[in-house]
Amino acid sequence: MASRWWRWRHGCSWKPEARSLGSGCPGRAGPSGPRAAAAAADVTRAQVSYFNLVKSLTSAFPIMYSISRFHHTTPAACCCSKTRSGERYTDPFKLGWRDLKGLYEDIRKELFISTTELKEMSEYYFDGKGKAFRPIIVVLMARACNIHHNNSRDVQASQRTIALIAEMIHTASLVHDDVIDHASSRRGKHTVNKIWGEKKAVLAGDLILSAASMALARTGNTTVISILTQVIEDLVRGEFLQLGSKENENERFAHYLEKTFKKTASLIANSCKAVSVLGCPDPVVHEIAYQYGRNVGIAFQLIDDVLDFTSCSDQMGKPTSADLKLGLATGPVLFACQQFPEMNAMIMRRFSLPGDVDRARQYVLQSDGVQQTTYLAQRYSHEAVREISKLRPSPEREALIQLSEIVLTRDK
Amino acid sequence: MSLRQLLLRLPGYFGASAPPRRLWWSPSLDTIFSVVSWRGQSSRSPAHWNQVVSEAEKIVGYPTSFMSLRCLLSDELSNIAMQVRKLVGTQHPLLTTARGLVHDSQNNLQLRGLVVLLISKAAGPSSVDASCQNYDMVSGIYSCQRSLAEITELIHTALLVHRGIVNLNELQSTDGPLKDMQFGNKIAILSGDFLLANACNGLALLQNTKVVELLASALMDLVQGVYHENSTSAKENRITDDIGISTWKEQTFLSHGALLAKSCQAAMELAKHDAEVQDMAFQYGKHMAMSHKINSDLQPFIKEKTSDSLTFNLNSAPVVLHQEFLGRDLWIKQIGEAQEKGRLDYAKLMCFSCHKGQSGHTGTFEHILNGKFYLYINLEFAQSTCR
């Protein structure tokens, strides 16, 4: 964890203030406490109309306390954590991958068809180089729920299949999104549409989706099928939400959060719910899993939107300011617009005039848009931790807690 | 002329044996036959086709047109119709697809849904498994079967829309501004995905995992079929594929047969019919769709040559048969002979395929015949099993 912190310091240009409350960072712990708390309270008051989708914590001070608590992630600073079990700290990715060995081979088996080129296109992103973030969350959640229910240390085959399905649905939507956005690179390589053309790329996406549906049908559980088909609909609706726009500022933010939920969080939330349904009959647990996934998903996307402004393109694997270039007004932009009302016109015309993209970027970097979006992401992340902490302690539960923090601190 | 008389005459016209005897007719079976027989009588007027379709629609209880469009037109959030309107004046294929969907033409695109409904009614409730007795039934068809018919149409329309995507790097200046094509692609992808999402949701509501699996595999087949079509049409039909008729059959099964076949099977599954009936329904759907395709392939060859602008797909059934008969080299030579200044003279090419050996033309007629008789036989089995 310490090495990661060093990377923040020496890596890209900007880091939010709150991140530097790590144990190794000098001079940030005590004095900034009250100031940041006051800022948090201000933000809360000003943004309360925007935050109606977030279950807010009741006062600002516990927020500050919990931020410092959860950023003490090195083993030495474990003292304040009551929820942590006595087990040694492990990397959640390593923990999750134990169950996901052969994930990509199994996905390729689902895509086994006779047409060579189509198969090649469909397998293109299942090369093992993606983050596999969603499958990891799914298997960790599966274990956490199984342990909570009856201390079972197994993962059911159908639960593992959900991990596959989640990754396939995600990839299918990526393939289509790249065609819609005329993207030319992703994950450090050319997109499917750039290499094979748009017509075939769309069919490849359809193929992956149909393979995912077949795998879903084979789980044999109609509840799970209903849960995951909801995701497919949400993904499309999210794209449509992105097509449209709202004139009213307040509506814009709610619109943005709804789109964020549908496009990103719905898949994670519903996959978590699906594995919990398979592992445990208690509806309370299903709701916990769903809320965890939802909050982590939204936090994930918010940080993604921040990174679009703050990181450099080598690290991300895809070009930055991508959202602005597509005419999308994300979190940082919406917050910046409060300080610089002249951005309103640019937002309404979707940054279509020459020079709009650069000007908007400048405004955002000058304002506290990035900071506020990060703060919002933190709140979602803490909410996720609060939910998952209701489950019985286990290494996987701890891993999920860590993951929701990693979501905030990643740099690509 | 009544349907039965028509059926008695039909085989005689083609020089084949009499149709099989039947124990009992149901009106829906009649209509199925009429739909089938119309396929062979391509000289039948559009009015007759419309008559057949309206009879069928009466049997199933409501007009089946616009089945798959309801969700597109009523959904506020998506408002796809509004987006498609922005494409008016451009040359994006989506506009043509949209027009074709709304215009009630001879190529009735709602065929699949109608067939699924008819076969559901023809098969009736299962005599073996009585667990469906509590299901909702209107005009002899369960509501889940109606839902399935709609899902079938949704899947078909979705892929129809996705077929209309344009490769941006192949655009010519005559295609219009790049921006229009990009926007058209975007709307086409989203509309298709929206239809597929609705289909998936509908499938989930049926609460039957076997049906979900069937339709998902049908979708997979359909995607592969469309992929093959695209691969050939990408070369603008100038050069034909080196395929024989059996490969053609496989590819056409994927692109046309699979969806209808598996939907019919799924409709039987919903009514809890046994494996034999399901298989019969599958065969029926498959051959129905195949003969439909063969029939449309035949059209340019048997219509009276009144139009000057005659073109046909160089990968259609008659041409493939012709190529198989002649051998690839000779066929390529013929294409070369028919080309003038880089443009293909289709009329000349047609003379080649029709006269030299008569192979293409009659071969395809035989296939239609075989298709139809397979249909008759299967239906008889299906019907006798149900009763």
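Student: Why is B:Asn201 called buried?

Tutor: Buried means under 20% relative accessible area, exposed over 50%, and partly exposed in between (1.4 Å probe, protein chains only). B:Asn201 has 14% relative accessibility, so B:Asn201 counts as buried. This is a predicted model, in which local features need pLDDT of at least 70 and side-chain atom pairs count only at pLDDT 80 or more, while totals for chains, interfaces and linings use all residues. Residues are numbered from 1 along each chain as its sequence is written, chains are lettered from A and ligands numbered from 1 in the order in which they are written, and side-chain values use heavy atoms, with hydrogens and water left out.

Student: Where does B:Asn201 lie, and what is B:Asn201 in contact with?

Tutor: B:Asn201 lies in helix H9 of chain B; helices (H or I, at least four residues) and strands (E, at least two) are DSSP runs, numbered from the N terminus. Contact means heavy atoms within 4.5 Å. Leaving aside neighbours within four places in sequence, B:Asn201 is in contact with A:Thr229, A:Gln230 and A:Glu233.

Student: What makes the pair of B:Asn201 and A:Glu233 a polar contact?

Tutor: A polar contact is a pair of N or O atoms within 3.5 Å; within protein, one must be able to donate a hydrogen and the other to accept it, and residues adjacent in sequence count only if both atoms are side-chain atoms. The side chains of B:Asn201 and A:Glu233 make such a contact at 2.2 Å.

Student: How many residue pairs are in polar contact between chain B and chain A?

Tutor: Nine, with both residues at pLDDT 80 or more.

Student: What makes the residues A:Leu103, A:Tyr104, A:Asp106 and A:Ile107 a group?

Tutor: These residues are buried in helix H5 (residues 103–110) of chain A. They cover an arc of only 160° around the axis, so they are on the same side of H5(A); the arc is that of the directions from the helix axis to the C-beta atoms. The buried residues of H5(A) pack against helices H4 (92–100), H7 (133–150) and H8 (157–180) of chain A.

Student: Why does A:Ala336 count as buried?

Tutor: The relative accessible area of A:Ala336 is 0%, so A:Ala336 is buried. A:Ala336 is found in helix H16 (residues 331–339) of chain A.
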